[in-house]
Amino acid sequence: MQTFKALSAILSYPSRDLLDAIDEIGAVIEREALAPQDERRALLALLEEFKGRDLYDLQEQYGLLFDRTRSLSLHLFEHVHGESRDRGQAMIDLKAVYEAKGLQSDPRELPDFLPLFLEFASLLELEEARELLEQPAHVLTALAERLNKRNSRFEAVFRALVAIARTKPDMALLEVLRGEPDPAPDDLEALDAAYEDEAVHFGQDDDPAQCGQDTLAAKLRQARRPAPGLETSGQRPVFTHSTNV
């Protein structure tokens, strides 16, 4: 479904190509009408806002929201596993699911990055894509709420995804996320404190030499064991919440 590609583009780092494709992106969202009318209207308002903004301003806003603020990270497992070792194995397993469907991503891009996740969803049948989106619905809802608090129109993307999934988030898991720190982007002290956790590990060994690109690539090819937080049912990822959030 092209709508997932459109939403992936909206959540990607702003570029001139994105601005040139605004009308096309809006047309896809309207034509397929996967999201309800109110959500589509909000998405189109976001696209109109893009049209009226300088590219560098959009890039700065994007960085402040999604790169600088951990509570708004577009890496899904950031909200499920934090920086625990479980996150690394979960990403290995998710990468394997992508590869099984023929999606070859940039090795520099982490598989839990939401725009890539949506790119994968675009390869699936609609019902299968909806089942995929059900799993992180609590994460998507929490992100929507945090963006609403900042009066950001990006909220529309996350509301639309939950609406397309036709699901309600797990309230227990959502409450866990609501209890997490959510500092403002200009609160530098709070932002620094939020990133003082241990670094994420991508393997079972603490030796940094084991986390090189060649070693990781080999593990990506071999990994098939479901990790805590990500199990597989057929080729469908299943997100569960970790106590390491």
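At what angle do helix α3 and helix α4 pack, and how far apart are their axes? I began with this pair, keeping in mind that the model is predicted, that local features need pLDDT of at least 70 and side-chain atom pairs pLDDT 80 or more, while totals for chains, interfaces and linings use all residues. I also noted that residues are numbered from 1 along each chain as its sequence is written, and that side-chain values use heavy atoms, with hydrogens and water left out.

**Entry: α3 and α4**

I found that α3 (residues 22-32) and α4 (residues 37-51) pack at about 180°, with axes 10 Å apart; helices here are DSSP runs of H or I, at least four residues, numbered from the N terminus. Because angles over 145 degrees count as roughly antiparallel, α3 is roughly antiparallel to α4. I then looked up the contact (heavy atoms within 4.5 Å), where Ile22, Asp23, Ile25, Gly26, Ile29 and Glu30 in α3 meet Arg40, Leu43, Leu44, Leu47, Phe50 and Lys51 in α4.

**Entry: α11**

Next I turned to helix α11 (residues 155-165), which is largely enclosed by the rest of the structure, because nine of its eleven residues are buried; buried means under 20% relative accessible area, with a 1.4 Å probe and protein chains only. Among the elements covering these buried residues I noted α1 (2-10), α4, α5 (55-67) and α8 (114-121).

**Entry: Glu155**

Leaving aside residues up to four places away in sequence, Glu155 touches Ala144, Leu147 and Asn148. Lastly, I saw that α11 is followed by Arg166, whose phi is positive, near 55°.

Methods. Axes fitted to C-alpha atoms, helices over the stretch in contact; angles between N-to-C directions. Helix = DSSP H or I, 4+ residues; strand = E, 2+ residues; numbered from the N terminus. Parallel < 35°, antiparallel > 145°, perpendicular 65-115°, else oblique. Buried < 20%, exposed > 50% of the residue type's maximum accessible area, 1.4 Å probe, protein only.
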